[in-house]
Amino acid sequence: MVGARDSTGNDNRETAAVPLLRSGLSLRHMRMIAALDDHGKVSAAAQVMNISQPAASRMIAEMEAVLHVTLLERLPRGVALTPYGKALARRARSILLEMREADREIAELKAGKGGSVFLGAVTAPAIELAVPAIREIRRLYPRIEITMQVETSNVLARELIASRHDFIVARIPDDLNPRLFDSRVIGVEKACLIVRRGHPLAHGRQVALEETTSYDWVFQSGGSPLRQAMEANFLNRNVPLPERILNTSSLLLTLVMVAQSDAIAPVSVQVARFIQNPEGLAGAIDVVPIEFDIEVRPYSLITARNRVLSPAARMLYDFILREVG
């Protein structure tokens with residue numbers, strides 16, 4: 001539907017946007033509302049902004065006066081953004097990200113293929129895809145600075161929405177709206193069970209799932225795809241779930257527990273290979289030969305919808321796609 005025009009011939013949609021554009025809201029205001037959303041306290045937001053708490057309160061009052069709405073509610077401990085505040089914070093993040101991208105792009109043009117990339121990845125594709133792509137891009141373009149966070153998909157997807165990553169290699173969590181993202185499936189993760197060298201189950205013959213239930217287990221959190229895939233194996237075979245479980249998202253703690261006890265842990269095949277490989281960690285870890293498969297649902301290259309990647313981020317994205325191919 002074509003927007004109506006006023007008596008001067010201007011599009012009303014454009015006219016309606018002018019008051020906010022000319023309102024006096026600044027990038028400092030955008031940073032303030034984003035900091036309030038991040039920290040939930042005026043004092044913490046003031047510290048992020050490097051201003052006093054009274055100055056922060058004045059900035060909040062300025063924004064509320066311009067918009068004619070209440071942006072936050074005072075709580076016994078901190079503040080909570082109202083729906084108006086959350087809407088402004090969401091838009092503020094996009095504005096701040098675009099300014100960061102503009103700064104990056106100008107710097108890259110000055111330096112020649114420089115700049116920075118912020119990437120998040122779950123463990124298996126981080127090892128198999130991201131690391132080789134980073135090695136290659138660092139060889140060709142040593143001025144590019146790359147920051148990578150290895151975490152669960154739940155954490156990474158929220159970091160992407162909050163504009164803290166350019167893109168991620170992960171899975172879209174079930175509790176987030178998939179319309180927030182653009183994704184491209186690039187691989188299926190296979191998992192295996194690892195134990196310490198000399199473990200009673202590491203004796204060469206294939207192990208049935210029933211034989212594992214009497215041992216301690218180290219699992220990722222309950223919502224992780226690897227945990228769900230492993231528990232599905234128990235349920236589908238009518239085998240009782242393990243009773244002695246340590247929950248952790250730390251791969252390092254998982255390896256320590258396995259190496260120093262009889263605990264069993266499911267990990268991606270890529271992680272297990274890297275641990276065992278003489279060119280990797282050459283660790284004292286064995287893979288248990290099992291009679292069943294552990295397949296985790298596919299992972300994808302994921303970007304935030306309608307967010308344009310910087311030249312450096314697009315380059316790394318394309319390098320990872322080449323690793324897939």
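A polar contact is a pair of N or O atoms within 3.5 Å; within protein, one must be able to donate a hydrogen and the other to accept it, and residues adjacent in sequence count only if both atoms are side-chain atoms. Keep that in mind for the last stop.

This is a predicted model, where local features need pLDDT of at least 70, side-chain atom pairs count only at pLDDT 80 or more, and totals for chains, interfaces and linings use all residues. Residues are numbered from 1 along each chain as its sequence is written, and side-chain values use heavy atoms, leaving out hydrogens and water.

**Stop 1: confidence.** Color the chain by pLDDT (the predictor's confidence in each residue, from 0 to 100). The chain's mean is 86. Now select residues 1-18, where the pLDDT is below 50. Where pLDDT is low, the predicted coordinates should not be read in detail.

**Stop 2: two helices.** Select α3 (residues 42-49) and α4 (residues 53-67), whose axes are 9 Å apart at an angle of about 100°. The helices are therefore roughly perpendicular (65 to 115 degrees) to each other. Show V42, S43, A46 and M49 of α3, then Q53, A56, S57, M59 and I60 of α4: these residues make the contact (heavy atoms within 4.5 Å).

**Stop 3: H199.** Next, select H199, in the loop between β6 (181-196) and β7 (217-219). Is H199 buried or exposed? H199 is buried (under 20% relative accessible area), with a value of 3%. Finally, find the backbone nitrogen of L201, 3.0 Å from a polar atom of the H199 side chain.

Notes:
Axes fitted to C-alpha atoms, helices over the stretch in contact; angles between N-to-C directions. Helix = DSSP H or I, 4+ residues; strand = E, 2+ residues; numbered from the N terminus. Parallel < 35°, antiparallel > 145°, perpendicular 65-115°, else oblique. Buried < 20%, exposed > 50% of the residue type's maximum accessible area, 1.4 Å probe, protein only.
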